[in-house]
Amino acid sequence: MINPIDIIATLEPWWMVPIALALLSLGIAIPIRAIMYQGNFIILRKRTWFVVIGPIVEEIFFRLFLLMFLIGTFGLIPGLLGSAILYMIYMGLVYGPPFTADGLVMGVLFSLAFFELGLPIVIMAHIIYSAVSSVW
Amino acid sequence: MDILVELEQILSKYAEVTLLGHTFNILPIELGAVLGIITFVISCFLMSQIIISPMSGGWRTGAFHTIVTGPIIEEIVFRFALITLLIPFFNSTIIAIAASALLFGIAHIPYGGLKLADGLIFGIIMGFAFMQFGIVVPIFAHITHNLLSEIG
């Protein structure tokens with residue numbers, strides 16, 4: 001099984017990496033979210049939080065603190081899954097039930113990217129993801 | 001202003017289309033319009049009605065989003081990014097196009113269940129157009145398709 005992050009990590013120049021990560025996650029998350037739309041579109045009102053502050057805070061807490069703590073406590077796979085599930089619950093509570101799909105995709109892909117590429121790249125990818133997602 | 005010059009160069013570069021032994025030189029905007037009309041007719045046959053855009057109202061559901069921003073973002077995400085990233089993942093162009101078309105179809109389920117099949121066919125046609133002519137042609141085809149459904 002090929003890790004999609006390995007394909008993304010080889011991209012040149014370096015700023016293509018977060019853009020590609022964000023677009024790949026969007027392409028997987030939007031269809032899953034569409035199933036959960038049930039015909040209704042969601043319009044987010046808190047755009048500043050959603051696009052700028054939210055990504056930085058979420059990445060620092062969920063990736064840097066929570067994921068590292070869970071992996072150190074329970075091991076690699078349970079830690080990854082636990083972090084993804086907690087992130088799904090968080091997304092569902094804060095942004096609305098359809099965004100659990102985004103929580104699942106980002107919880108897995110961004111965690112893998114956090115291991116291989118580091119926190120700044122993941123924060124940039126999250127900001128791009130939220131910006132595109134708010135226009136969608 | 002540099003980016004405008006580049007955009008003009010991209011838009012004024014003729015695409016070569018070979019059809020029934022004849023080679024046509026056609027601008028990407030015209031080729032996109034033709035593909036958009038063809039896919040619109042296919043959609044109408046598939047839905048067995050003249051399809052009308054269900055989107056109306058605010059910023060994310062209005063006409064501007066249907067005609068301009070929606071197609072550009074969708075083509076960038078589903079064609080430019082997904083096909084480019086899925087080709088090394090699957091080691092196959094055809095499977096990458098099919099996978100991106102399937103995701104594109106699923107993403108249009110909110111507009112109605114039949115839109116899944118419609119989006120699948122549209123995604124496959126646009127995927128091959130992207131592989132052949134680049135990202136400009138699918139964007140214009142998508143804009144034409146949505147414009148027709150907005151007018152109709």
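Predicted model: local features only at pLDDT ≥ 70, side-chain atom pairs only at ≥ 80, totals over all residues.

Visitor: How many residues of chain B are in contact with chain A, and what makes a contact?
Guide: Two residues are in contact if their C-beta atoms, placed from the backbone, lie within 7 Å. By that criterion 19 residues of chain B are in contact with 21 residues of chain A. The elements that give two or more residues to this side of chain B are α3 (63-90) and α4 (93-107), where helices (H or I, at least four residues) and strands (E, at least two) are DSSP runs numbered from the N terminus. The largest share, ten residues, comes from α3(B).

Visitor: Which classes do the residues on that side of chain B fall into?
Guide: They divide into 14 nonpolar, four polar and one charged. Here Ala, Val, Leu, Ile, Met, Phe, Trp, Tyr, Cys and Pro count as nonpolar, Asp, Glu, Lys and Arg as charged, and the others, Gly among them, as polar.

Visitor: Why is α3(B) called oblique to α4(B)?
Guide: The axes of the two helices come within 8 Å and cross at roughly 135°. Axes are lines fitted to C-alpha atoms, for helices over the stretch in contact, and angles run from 0 to 180 degrees between N-to-C directions. Angles under 35 degrees count as roughly parallel, over 145 as roughly antiparallel, 65 to 115 as roughly perpendicular and the rest as oblique. The value for this pair therefore makes α3(B) oblique to α4(B). The contact of α3(B) with α4(B) has twelve nonpolar, two polar and one charged residues.

Visitor: What makes α3(B) roughly perpendicular to α5(B)?
Guide: Their axes come within 10 Å and cross at roughly 65°, so α3(B) is roughly perpendicular to α5(B). Phe78(B), Arg79(B) and Ile83(B) in α3(B) meet Gly123(B), Met126(B), Gly127(B) and Phe130(B) in α5(B). By class, this contact has four nonpolar, two polar and one charged residues.

Visitor: Is Leu20(B) buried or exposed, and how do you know?
Guide: A residue is buried if 20 or more other C-beta atoms lie within 10 Å of its own, exposed if 12 or fewer, and partly exposed in between. Leu20(B) has 4 other C-beta atoms within 10 Å and is therefore exposed. Its place is in the loop between β1 and β2 of chain B.

Visitor: Why does Asn91(B) count as exposed?
Guide: Asn91(B) has 10 C-beta neighbours inside 10 Å, so it counts as exposed. Its place is in the loop between α3 and α4 of chain B.

How values were computed. Residues numbered from 1 in each chain as written. Chains lettered and ligands numbered in written order.
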